[in-house]
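Please look at the sequence and the model below before reading on.

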Amino acid sequence: MFPQLTLIFLFSLVVIHPLHVSAKTWCVANTSAAPTQLQANIDYACSEGKVDCAKINPGGVCFDPDTVLSHASFVMNDFYQNHGSTEEACNFSGTGQVVTVDPSYGSCVYT
């Protein structure tokens, strides 16, 4: 009996596993968020030490466009990815939103 159950279990892993698709997600700033709150998000995420904020500094690959919305989106996503990609890690007091479309542009690649 047990060998048959083991065989069925292994078969189910082979058949079902390839059908499981986990969608990649990113965290971006909500376009209706106040610039002051977005700047606070940047300051918080950059102070954590797990976010690569050099990329949004002058000369960085994500500096342009030089807007708080763009910079916040990059930093918030980096924070989100480094903190388990959970909805909580993208909340930022309600100013973040999880998206399924890659926000990367040009040389600025969102992880």
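At 4% relative accessibility, Phe 74 counts as buried, where buried stands for under 20% relative accessible area, exposed for over 50% and partly exposed for what lies in between, with a 1.4 Å probe and protein chains only. The model is a predicted one, in which local features need pLDDT of at least 70 and side-chain atom pairs count only at pLDDT 80 or more, while totals for chains, interfaces and linings use all residues. Residues are numbered from 1 along each chain as its sequence is written, and side-chain values use heavy atoms, with hydrogens and water left out.

The structure holds 3 aromatic pairs; rings of Phe, Tyr and Trp (its six-membered ring) pair if their centres lie within 6.5 Å, and planes under 30 degrees apart count as stacked, over 60 as edge-to-face and the rest as tilted. In one of these pairs, the ring centres of Phe 74 and Tyr 110 are 5.3 Å apart and the planes stand at 85°, so the arrangement is edge-to-face. Because Phe 74 lies in helix α3 (residues 68–82) and Tyr 110 in the segment after β2, this pair ties together parts that are 36 residues apart in sequence. Helices (H or I, at least four residues) and strands (E, at least two) are DSSP runs, numbered from the N terminus. Tyr 110 is buried as well, at 5% relative accessibility.

Phe 79 and Phe 92 form another edge-to-face aromatic pair, with 5.3 Å centre to centre and 65° between the planes. Phe 79 belongs to helix α3 and Phe 92 to the loop between α3 and β2, so here the parts tied together are 13 residues apart in sequence. Phe 79 is buried with a relative accessible area of 7%, and Phe 92 is buried at 9%. Together with Tyr 44, these two residues make up one aromatic cluster.

In soluble globular proteins, nonpolar side chains tend to be buried together. Leaving aside neighbours within four places in sequence, Met 76 is in contact (heavy atoms within 4.5 Å) with residues including Cys 27, Val 28, Ala 29 and Leu 38.

Strand β1 (residues 26–29) is covered on both faces, with Trp 26 and Val 28 buried on one side and Cys 27 and Ala 29 on the other. In a regular strand the side chains alternate between the two faces of the sheet. Strands β1 and β2 (residues 96–99) run antiparallel and are joined by 4 bridges, where pairing requires that DSSP finds at least two bridges between two strands, and Val 28 stands opposite Gln 97 in β2.
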